[in-house]
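Please look over the sequence and the structure shown below before reading on. This briefing then goes through the spaces in the structure and a part of its surface, topic by topic.

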Amino acid sequence: MTTQESPADSARDLVRRTPTAALAVTLGDGSPYASLVLAATDHGGQPLLFISRLAEHTRALEADPRASLLFDGTVGLADRLTGARVSLVGRLARDDDPWLKERFFRRHPAAEIYRDFADFSLWRMVVERAHLVAGFGRIHWIDGGAFVLNAAQYAALQEGEAGVVAHMNEDHLDAIALYATQLLGEADADWRISGVDPEGIDLIAGDRRSRLRFPSHVSSVMEVRTRLVELVKTARELHKL
């Protein structure tokens, strides 16, 4: 978290860039239960899960949709308690929107093998509040209305996202490589874009993930293209140094 951004922005960024989460639910006998799940987000920042009805957590959610998701940004730190983490509190419900499902599978292509399994379905969390711990003394409760972006403002970007992703991955792999290596400091790999949202782009290379944030929100495909051109110019200048 920087001094320039709000706790909500910091929390949402951590959720967007973290591919897994700990899911906490309540079992039928009232016992708490936590498990590990793959996660993606919608454009507003709300988590998406693709889970099986055979799992304990899914059966628990069918009976009681209240849940919490912990996104851990402390991996790799020598003292992990100094790192950032976000707990989201809300309710999970099935969502059959095909756009959301495609966002999830682009984020987690290995999960494609379960796409047509009858027991699997996509769930989206309606976030009611978030708890950000960004380090010692930097602790914030965030209302859901502040955490979640207004989806109506970004409807045009949602409609055009798949086209942007396909175009970049088919015609501009050189630019994507520069984003990863020059702007994010990642090692050379077969980097692709897995998603574009109002706040940035998600990159994927095998089991590796990275995220490039935009300096400000975008709300249309044209704004995304302008921002991507600006970023690749910056990356090329850095590459020359």
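**Pockets, a cavity and a surface patch**

In this predicted model, strand E2 (32-38) and strand E4 (47-52) each contribute at least two residues to the lining of the largest pocket. That pocket holds about 250 Å³ of space, and of the 16 residues that line it, Leu38, Phe50, Phe104, Ala111 and Tyr114 are the closest to its centre.

**The largest pocket**
- Sorted by class, its lining consists of eleven nonpolar, four polar and one charged residues.

**The second largest pocket**
- The second largest pocket has a volume of about 200 Å³, and the residues lining it include Arg17, Pro19, Leu36, Asp72 and Val75.
- Strand E1 (20-26) and strand E5 (66-72) each supply at least two residues of this lining, with E1 giving the most, namely three residues.
- By class, the lining divides into six nonpolar, four polar and two charged residues.

**The cavity**
- The structure holds one cavity of 30 Å³ or more, and the largest cavity contains about 60 Å³ of space.
- Its lining is made up of Arg16, Ala40, Thr41, Arg103, Arg107, Ser194, Gly195 and Asp202, which by class are one nonpolar, three polar and four charged residues.
- Strand E3 (40-41), helix H3 (98-107) and strand E9 (192-197) each provide at least two of the lining residues.

**The surface patch**
- Ile113, Tyr114 and Phe117 form a nonpolar patch on the surface, and together they have about 300 Å² of accessible area.
- Isoleucine 113 lies in the loop between H3 and strand E7 (120-133), and this residue counts as exposed because its relative accessibility is 57%, where exposed means over 50%.

Note on methods. Residues are numbered from 1 along each chain as its sequence is written. This is a predicted model: local features need pLDDT of at least 70, side-chain atom pairs count only at pLDDT 80 or more; totals for chains, interfaces and linings use all residues. Side-chain values use heavy atoms; hydrogens and water are left out. On a 1 Å grid over the protein atoms alone, a cavity is a set of points where a 1.4 Å probe fits but cannot get out, and a pocket is an open set with protein on both sides within 12 Å along at least five of seven lines; lining residues have an atom within 4 Å of a point. Grid points are joined across faces, edges and corners, and a volume is the space filled by probe spheres set on the points. Helices (H or I, at least four residues) and strands (E, at least two) are DSSP runs, numbered from the N terminus. Ala, Val, Leu, Ile, Met, Phe, Trp, Tyr, Cys and Pro count as nonpolar, Asp, Glu, Lys and Arg as charged, and the others, Gly among them, as polar. Patches are made of residues with over 30% relative accessible area and no salt bridge: like charges are joined within 9 Å, nonpolar side chains (Val, Leu, Ile, Met, Phe, Trp, Tyr) within 5 Å. Accessible areas come from the Shrake-Rupley method with a 1.4 Å probe; for residues, only the protein chains shown count as cover. A salt bridge is a side-chain nitrogen of Lys or Arg within 4 Å of a carboxyl oxygen of Asp or Glu. Buried means under 20% relative accessible area, exposed over 50%, partly exposed in between (1.4 Å probe, protein chains only).
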